[in-house]
Amino acid sequence: MTATGESGQDRGRRHYQRTLFDGVADLYQAARPGYPAELVEFVVATAGLAAGSAVVEIGCGTGQLTERLAGYRFRLTATDIGPSMIAEARRRLAGQAVEFQASSFEDLAAADASLDLVICGSAFHWIDPEVRFAKSARLLRPGGWLALLSVNDRYDDPVGTDMTAMFTARGDFSGAWVTQAVDAGVIAATGLFGAAVSRTQDQRITRPAATVIGLESTRAAALTWPDDVRREFAEELRQYLGTRTEVPLTLHTSVTMAPVLKGP
């Protein structure tokens, strides 16, 4: 057991799972939702950012959040552990002034006190616990901010309940569609950041049934299964949705952010 309370088995499992998304980068690009402009605007205004501000995005995936950030003309570095994810993000943002790095946050080379914002969308829980907050605080300049976003799909019942049953029947529901958001209390407990502020947005949407099947196949839980089990799951979900062309749900997006505390 580490000092953070994570067992060696849990650590190994987390390190393994976080590499799996790279194998479905094209599906991830096609199916994963983006982030509301209003919440990104809230981050930018709260952190007092302007063109030229130094920003690092952790776990950019195929660029869903990066696309929002790029429009502000920051000195933006977007990182992800997966080379295929980075390649998709580069294609998505071709011509935009973004530096992409295929690197974990643990291995990211950046100067201390050099950043105005460290931002992460739905990926902070994949970073080693002893690194997440400590390195973020170290890289931020005085007055810099950490911003953590999450997006959760809340399917209407009975679809939500029935889909949960499909996951749990295969023995592993962890890492499915409820992203592990980081709340203000967790940030405060580190002693590295000031008072946190939060904002949420709920949006009613309908998602094409084919997109639902693709999206649910990119969950960490599903990616952990053997290929035949994942195909079986996708087929069961396809048959369950039947003639539905669209699936209604609530897209719940949140951001929690806090300023770094720097000593004199």
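When I say strand or helix, I mean DSSP runs numbered from the N terminus: helices are H or I with at least four residues, strands are E with at least two. And two strands pair if DSSP finds at least two bridges between them.

Before we go on, a word on the source. This is a predicted model, with local features needing pLDDT of at least 70 and side-chain atom pairs counting only at pLDDT 80 or more, while totals for chains, interfaces and linings use all residues. Residues are numbered from 1 along each chain as its sequence is written, and side-chain values use heavy atoms, with hydrogens and water left out.

Now zoom out. In general, strands of a sheet pair through backbone hydrogen bonds, either parallel or antiparallel. Here we have an open sheet of seven strands with mixed pairing, in the order 3-2-1-4-5-7-6. Which strands stand at the edges? They are strand 3 (98-102) and strand 6 (197-208); each has a single partner strand, so one side of each has no neighbour in the sheet. From one strand to the next, the twist averages 20°. For angles, axes are lines fitted to C-alpha atoms, for helices over the stretch in contact, and the angles run from 0 to 180 degrees between N-to-C directions.

Two helices to point out on this sheet. Helix 5, residues 83-92, packs on the sheet and touches strand 2 (75-80) and strand 3, its direction making about 165° with that of strand 3. Helix 6, residues 129-139, also packs on the sheet, touching strand 4 and strand 5 (140-155), at about 140° to the direction of strand 5. Touching, or contact, means heavy atoms within 4.5 Å.

On to charges. Side chains of opposite charge can pair when their charged atoms come close. We call it a salt bridge when a side-chain nitrogen of Lys or Arg is within 4 Å of a carboxyl oxygen of Asp or Glu, and this structure holds 18 of them. One is Arg-138 with Asp-112, where the closest N and O atoms are 2.7 Å apart. Arg-138 is in helix 6 and Asp-112 is in the loop between strand 3 and strand 4, so the pair ties together parts 26 residues apart in sequence.

Arg-138 comes out partly exposed at 39%, and Asp-112 is partly exposed at 47%.

Next, Arg-219 and Asp-153, whose side chains meet in a salt bridge at 2.6 Å, N to O. Arg-219 lies in the loop between helix 9 (209-216) and helix 10 (220-224), and Asp-153 in strand 5, so parts 66 residues apart in sequence get tied together. Buried or exposed? Both Arg-219 and Asp-153 are buried. Helix 9 is mostly covered too, with six of its eight residues buried, among them Val-212 and Leu-215.

There's also a network of salt bridges linking Glu-6, Arg-11, Arg-14, Asp-128 and Glu-130.

What about cysteines? A disulfide is a pair of cysteine sulfur atoms within 2.5 Å, and by that rule the count is zero. Cys-60 is in no disulfide, as the nearest cysteine sulfur, that of Cys-120, is 10 Å away. Cys-60 is buried at 3% relative accessible area, and Cys-120 is buried at 1%.

Last stop: Asp-116, back in strand 4. Asp-116 counts as buried at 12% relative accessibility. Its side chain reaches the backbone nitrogen of Ala-54 at 2.7 Å. That is a polar contact: N or O atoms within 3.5 Å, where within protein one must be able to donate a hydrogen and the other to accept it, and residues adjacent in sequence count only if both atoms are side-chain atoms. Leaving out residues up to four places away in sequence, Asp-116 touches several residues, including Leu-49, Ser-53 and Trp-145. Trp-145 lies in strand 5 and is buried, at 13%.

Note on methods. Buried < 20%, exposed > 50% of the residue type's maximum accessible area, 1.4 Å probe, protein only.
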